Amino acid sequence: MASMLGLLMLSTAGFERIARAWQRSFLRSHFRVQTRGTAAMRPSNRHASSGIPDGDRAIARISAADLAPLMGALEVQQGCVEEHTFRSGQWHSPTKTSKACLYYVVSGRGTLTTEKGDSIPIAAQTLVVVPPGARAQRPAIHPDVGGSSDLRLICGEFQATFGEVVDLFSGSPAAIVERFEDGDALHNQLRLALEEMRHEHPGRTVMVALLIKHALLLLLRRALTSPAAWVEQIAALRDPRISRAFVEMTKRPGAAHSVESLASAACLSRSGFMARFCDVFGRAPMSVLRDLRMRQAAQQLRTTSTPIGLIGRAAGYSNNGGFIRAFRRSYGVEPREYREQSLASRDAPAARTSGTSAARTNSPSRFTVSETLEV
């Protein structure tokens, strides 16, 4: 009797195992079908103007809540803009520069050709941003042959960074192309920047930088909706969790940050945070934080008379010696020498500043037009 009961229990357990295995197999099969169906419904970015081959997958987007503080941390400097008209047979190819370049099509039609040979049509209200550095693809811009109107562009150069440490377009491999609509504020902002460049108004360089920043903020807003894959080219937009921690570092560089606290802000493990931060920014988080702290300290040394010890503590250093050593590694001089050099530069004769301003006003155009020779 006992043996029969044992055999019955063994058979029941076997049936239960078989049933569970069948259930798991059914669920896995059902899940795969659903996944394929969902993927098929995602928007295709095969024709994205950035040139990134991303197949039929959804773009990883940053949320509006994470984008807003990132936009607030953006700084734009060294901006300038000019207007150029390209006629049939003319073209422009920017030289390699440490700054980013922008091209906004005011009117007409043309083609942007990358170094890889990809041709991207551009028309009115199209914004093209070429990242700085040798890794960026330097495009050539041609007006349409036989077009009914010339190609008019607003061309500009600028430097866009977070805390003057991380470039907005750091690691971006290709030109960014985004089409805006009639009535967008972008056209007006760049027109105002042109007007500022044409006059010697007080604070002209500051105004131009602010207007270019406004244009970039309008571009960053498009990261929420644009079908183009350039959204994933910008490192700060690629990983929202890492961006959240990075904003904390930028807003409060002197706070008691650690890898653990930053990983907690990103809702990641310590190892996961380190790996993803290095993947996004190409540097360790504490290295970026140190540069942010030194930048804050340098700004205070240039613009205030605050004691050096207090500046060091505001930068997150409880030990004055540690702050001095870190500052010397970053700037090559001690904080006291840096402050003295800044004061000497500020007290330089006004004539030299005036001469520099005049030379800048009369300097040749940065954006040259080349002719295509007809044979």
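Patches are made of residues with over 30% relative accessible area and no salt bridge; like charges are joined within 9 Å, and nonpolar side chains (Val, Leu, Ile, Met, Phe, Trp, Tyr) within 5 Å. A salt bridge is a side-chain nitrogen of Lys or Arg within 4 Å of a carboxyl oxygen of Asp or Glu. Accessible areas come from the Shrake-Rupley method with a 1.4 Å probe; for residues, only the protein chains shown count as cover. In this predicted model, local features need pLDDT of at least 70 and side-chain atom pairs count only at pLDDT 80 or more, while totals for chains, interfaces and linings use all residues. Residues are numbered from 1 along each chain as its sequence is written, and side-chain values use heavy atoms, with hydrogens and water left out.

Val206, Met207 and Leu210 make a nonpolar surface patch of about 270 Å². Leu210 sits in helix H4. The protein chain as a whole exposes about 20,200 Å². Carbon and sulfur atoms supply 56% of that area.

The protein chain contains 13 helices and 11 strands. These are DSSP runs numbered from the N terminus (helices: H or I, at least four residues; strands: E, at least two). Of its 375 residues, 42% are buried. Buried means under 20% relative accessible area, exposed over 50%, and partly exposed in between (1.4 Å probe, protein chains only). Contact means heavy atoms within 4.5 Å. Among contacts with a separation of 6 or more, 74% join residues 24 or more positions apart.

A nonpolar core is a set of buried Ala, Val, Leu, Ile, Met, Phe, Trp, Tyr and Cys residues joined through side-chain atoms within 4.5 Å. The largest has 62 residues. Phe158 and Phe273 have the most contacts inside it. Helix H4 (residues 204-221) gives the most to this core, with 10 residues. Apart from this core lies another, of 15 residues, including Ile122, Val128, Val130 and Val177. Leaving aside residues up to four places away in sequence, Phe273 touches Ile242, Ala245, Val259, Leu262, Ala263, Ala266, Leu268 and Pro285.

Glu82 belongs to strand S1 (residues 74-86). Its relative accessible area is 17%, so Glu82 is buried. The Glu82 side chain makes a polar contact with the side chain of His84 (3.1 Å). A polar contact is a pair of N or O atoms within 3.5 Å; within protein, one must be able to donate a hydrogen and the other to accept it, and residues adjacent in sequence count only if both atoms are side-chain atoms.

Arg336 lies in helix H12 (residues 335-346). Arg336 is partly exposed, because its relative accessible area is 46%. Arg336 and Ile308 are 28 residues apart in sequence, with a C-alpha to C-alpha distance of 7.5 Å.
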